[in-house]
Amino acid sequence: MLLLPESVVGFGVVRQAVILAGGTGSRVRPLTLTRPKPMVEVQGTPIPRHQLDWFAESGVERVVISAGHRAQVISDYLLACPAPVRTEVVVETRPLGRGGGLKLAAAALERSDEPWLAVYGDIWTRFPLTAMFAHHRRHATLATLALPVPGCPGEASTATNAAG
């Protein structure tokens with residue numbers, strides 16, 4: 001989970017997020033022959049739906065999903081099962097490389113002057129986003145990265161450098 005960028009400090013919640021779902025999922029074939037890797041189900045539900053529910057519970061109002069491989073599967077799912085937050089799918093018509101999908105999705109965000117969350121579409125996790133955002137605001141950093149706590153499923157910590 002990455003919190004990006006914050007040119008204005010002082011917001012109470014993060015209201016927008018990006019889900020990166022552009023990869024081909026070659027390492028998990030045959031699961032990705034008919035769907036993109038994020039649409040693999042966990043407990044009977046595609047991973048992005050878990051993420052959208054988590055974001056909604058945390059106050060996020062809008063999500064942009066950057067999709068590539070089999071993007072139509074994600075769009076069709078969202079039409080059949082409406083998300084709890086406003087969600088838009090932007091499609092990489094060709095692979096954009098490292099950071100390209102993030103840049104594409106960021107350009108579709110409505111509030112470019114506010115902080116936003118970014119998460120890989122194949123990550124299933126839950127931790128208090130409000131605590132992470134409070135840490136981010138308190139230290140007024142450009143970006144905040146949440147890292148898993150080894151041996152503690154569902155917990156995350158925040159890495160800091162000398163500047164906080």
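In this predicted model, helix H1 is followed by Gly59, whose phi angle is positive, near 95 degrees. Helix H1 itself spans residues 47-57 and is mostly covered, with eight of its 11 residues buried.

One cavity of 30 Å³ or more is present in the structure. The largest cavity contains about 60 Å³ of space. Its lining is formed by Val13, Val14, Ser58, Val60, Leu117, Leu129, Thr130 and Phe133. Helix H4, residues 129-139, makes the greatest contribution to this lining, with three residues. Sorted by class, the residues lining the largest cavity comprise six nonpolar and two polar residues, and none that are charged.

The largest pocket holds about 930 Å³ of space. It is lined by 31 residues, of which Leu20, Gly22, Gly23, Arg98 and Tyr120 are the closest to the pocket centre. Two or more lining residues are supplied by each of strand S2 (16-21), helix H3 (100-108) and strand S7 (116-120). Strand S7 provides the largest share of the lining of the largest pocket, at three residues. The class composition of this pocket lining is 13 nonpolar, 12 polar and six charged residues.

Notes. Residues numbered from 1 in each chain as written. Predicted model: local features only at pLDDT ≥ 70, side-chain atom pairs only at ≥ 80, totals over all residues. Heavy atoms only, no water. 1 Å grid on protein atoms, 1.4 Å probe; cavity = no way out; pocket = protein on both sides within 12 Å on 5 of 7 lines; lining within 4 Å. Points joined across faces, edges and corners; volume = space filled by probe spheres on them. Helix = DSSP H or I, 4+ residues; strand = E, 2+ residues; numbered from the N terminus. Nonpolar A, V, L, I, M, F, W, Y, C, P; charged D, E, K, R; others polar. Buried < 20%, exposed > 50% of the residue type's maximum accessible area, 1.4 Å probe, protein only.
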